[in-house]
Amino acid sequence: MLVDTFGRTATDLRVSLTDRCNLRCSYCMPPEGLDWLPKPELLTDDEVVRLVGLAVGELGVTEVRYTGGEPLLRRGLPDLVRRTAALSPRPEISLTTNGIGLARLAAPLADAGLDRVNVSLDTLDRATFKKLAHRDRFEDVLAGLEAARAAGLEPVKINAVLMRGINDHEAPALLRFCLEHGYRLRFIEQMPLDAQHGWTRDDMITADEILDRLSAEFDLAPDAGHDRGSAPAESFVVGAGPETVGVIGSVTRPFCGACDRVRLTADGQVRNCLFATEESNLRDAMRGGATDEEITGRWRKAVWAKRAGHGIDDPSFLQPARPMSAIGG
């Protein structure tokens, strides 16, 4: 098992398949984009499957989420999902995406064994979407959401980040949209993971503010029937239910004490936390002929060193050198 010194066990593996993205969301990267990783540095499909297979078969991982950058840009993604679904024991397989290209790939991914999908959507206004993402692809995201629901990738979850003075007034409209279409909405506090290192606490819309905005138009109550466990989102019943909305207070309401996640970057580095300052290089070890036992030993050692929390409130906190697009969500 992947256990750390605080007794937490990592069973949820987030695998970044690429650092590339076809949007330029302002809370993630600059409009001109970033210097992408050279292709030889990226894990091949066979290498991804080997590492995921070791995580599932030897290290107790039960959930695998493919992320990016934008994972739909990875060629052969359905086949990669199919090979993951063939592992024993079979993990739960999910995908985090911006939704662009999902209209075309939702059905093939579902057929390959993908269980569910999370789609980022921060606004219902096309002009605001273009301002935030620096791309005019709003309709493509809506089409992707519809295709995911039609393909049975349910519950279709929507992740939304509110930005002060840009889209923070849209919280009720986003919830109303999700209720009407059968999507499950989760608001996420903006985290200091932008490439520009421009994040400030004063600009961040907090979990309390999100709930205040929603409560102005909806009756919300803590979801007593929901066992949160290691889930990052606090769940609230909307009205008489059964619909719910989630709020992930990554900064102001950290859930580090119950964290069960570990991350594998597109270039094969293990990160035991989104905000880790150290990585463990499995790619080079693997390419150098390391045995399965040696690789799993490195992986266990990396997770064992996980800190108690992300430390954003600590004066010594340093934002990771890698931005979110290069780490994987």
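This is a predicted model: local features need pLDDT of at least 70, side-chain atom pairs count only at pLDDT 80 or more; totals for chains, interfaces and linings use all residues.
Started with V262: setting aside neighbours within four places in sequence, I find V262 in contact with L2, A10, D12, L13, R14, V270, R271, N272, W299 and V303.

Looked up where V262 sits, and it is in strand β10, residues 261-264. Buried or exposed? V262 comes out at 1% relative accessibility, so I log V262 as buried, the cut-off being under 20%.

Moved on to R263, which is also found in strand β10. Its relative accessible area is 7%, so R263 goes down as buried too.

Checked the UniProt record, an unreviewed entry: its "binding site" annotation covers R14, R65, T96, K157, R261, V262 and R263. R14, one of the annotated residues, is also on my contact list for V262.

Next up, helix α4, residues 126-133. Which residues of α4 are buried? I get T128, F129, L132 and A133. They cover an arc of only 115° around the axis, so they lie on the same side of α4. What do they pack against? The buried residues of α4 pack against α5, residues 138-150. On the face turned away from that buried side I find the exposed residues A127 and K131.

Then I looked at the ends of α4. At the N-terminal end, D125 is the cap, with a side-chain oxygen 3.2 Å from the backbone nitrogen of A127. At the other end, α4 is followed by H134, and I note a positive phi there, near 60°.

Note on methods: Residues are numbered from 1 along each chain as its sequence is written. Side-chain values use heavy atoms; hydrogens and water are left out. UniProt positions are given in the numbering used here, feature names are shortened, and annotations may be inferred rather than shown by experiment. Helices (H or I, at least four residues) and strands (E, at least two) are DSSP runs, numbered from the N terminus. Buried means under 20% relative accessible area, exposed over 50%, partly exposed in between (1.4 Å probe, protein chains only). Contact means heavy atoms within 4.5 Å. The arc is that of the directions from the helix axis to the C-beta atoms. A polar contact is a pair of N or O atoms within 3.5 Å; within protein, one must be able to donate a hydrogen and the other to accept it, and residues adjacent in sequence count only if both atoms are side-chain atoms.
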